[in-house]
Amino acid sequence: MWFRIISKTIFMLYLKLLMFINLLAYSWIVAQAYMYIIAQANVQKSMDAPSYIQLRQLTDRNFMAKYKYVIYISLVTGLLLCIFTAQDPLGFLFISSAVSFTALVADVLLAIRGNIPINKLINTWTTESYPADWQTYRAKWLQVYSLRQVANIIGFTSLLLGALFGT
């Protein structure tokens with residue numbers, strides 16, 4: 001009897017720790033989405049080619065060195081949340097964790113298939129030598145990123161709801 005109570009208590013503490021770490025990492029991801037909604041997309045749209053190229057290259061170089069760890073932590077803790085809450089597949093905590101994890105996977109796939117290839121291409125440009133249709137690449141990058149914003153906001157909101165109302 002006592003063993004079950006202690007085991008359940010430890011399991012619940014473990015779930016809460018996983019949720020906290022996942023929320024913390026995911027908040028860094030969704031913060032980027034909110035930054036673009038508030039200002040960054042408009043800022044990039046108003047830049048001339050050399051400024052845009054420089055911004056993208058500097059951002060990509062600095063961002064990718066650190067951002068991958070946030071993604072890895074979010075993916076691992078999100079997957080673990082799904083696994084450990086799957087014992088109640090109709091429970092709110094499992095559903096919210098599954099929606100959140102699915103949205104994060106969608107974000108990663110959109111980045112891999114959309115934004116990262118465009119970033120790689122932009123990283124080959126110089127501020128003096130770039131394609132005449134560079135604005136097309138910027139528009140495509142922002143279009144793909146807009147889809148990622150939607151996925152991230154849905155995922156984070158779902159995770160937050162699970163943390164608040166899941167049992």
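Predicted model: local features only at pLDDT ≥ 70, side-chain atom pairs only at ≥ 80, totals over all residues.
**Notebook: contacts, core and rings**

Started with Thr 77: once neighbours within four places in sequence are set aside, I find Thr 77 in contact with Leu 18, Ile 21 and Asn 22. I placed Thr 77 in helix H2. Is Thr 77 buried or exposed? Its relative accessibility comes out at 7%, so I put it down as buried. I also looked up the C-alpha to C-alpha distance from Thr 77 to Ile 21, and got 7.1 Å for two residues that sit 56 apart in sequence.

**Core**

I followed up on Ile 29. Leaving out neighbours within four places in sequence, its contacts are Tyr 67, Val 70, Ile 71, Ser 74, Leu 104, Asp 107 and Asn 152.

**Helix H3**

How far does H3 reach from its first C-alpha to its last? I get 43 Å for its 31 residues, close to the 45 Å expected at 1.5 Å a residue. I also looked for a bend in H3 and found one of about 45° at Ala 111.

**Aromatic pairs**

I count 10 aromatic pairs in the structure. I opened Phe 11 with Phe 84, an edge-to-face pair with 6.1 Å between centres and 85° between planes. Why does this pair tie together separate parts of the chain? Phe 11 belongs to helix H1 and Phe 84 to helix H2, so the link joins parts 73 residues apart in sequence. Phe 11 has 23% relative accessibility, so it goes down as partly exposed. Phe 84 has 26%, so I marked it partly exposed too.

Then I took Tyr 52 with Trp 134: this pair is tilted, at 5.8 Å centre to centre with 35° between the planes. The pair links distant parts of the chain, with Tyr 52 in helix H2 and Trp 134 in helix H4, 82 residues apart.

**Charges over rings**

Which rings have an arginine over the face? Arg 56 lies over the face of Trp 141, and I get 4.1 Å to the ring centre. Arg 138 lies over the face of Tyr 52, at 5.8 Å from the ring centre. Tyr 52 is also the ring I had paired with Trp 134.

**Lys 140**

At 43% relative accessibility Lys 140 counts as partly exposed. How far apart are the C-alpha atoms of Lys 140 and Ile 118? I get 8.3 Å, for residues 22 apart along the chain.

Key
Residues numbered from 1 in each chain as written. Heavy atoms only, no water. Contact = heavy atoms within 4.5 Å. Helix = DSSP H or I, 4+ residues; strand = E, 2+ residues; numbered from the N terminus. Expected span 1.5 Å × (residues − 1). Bend = angle between axes of the 7 residues up to and from the residue. Phe/Tyr/Trp six-rings, centres within 6.5 Å; stacked < 30°, edge-to-face > 60°. Buried < 20%, exposed > 50% of the residue type's maximum accessible area, 1.4 Å probe, protein only. Lys NZ or Arg CZ within 6 Å of the ring centre and 35° of its normal.
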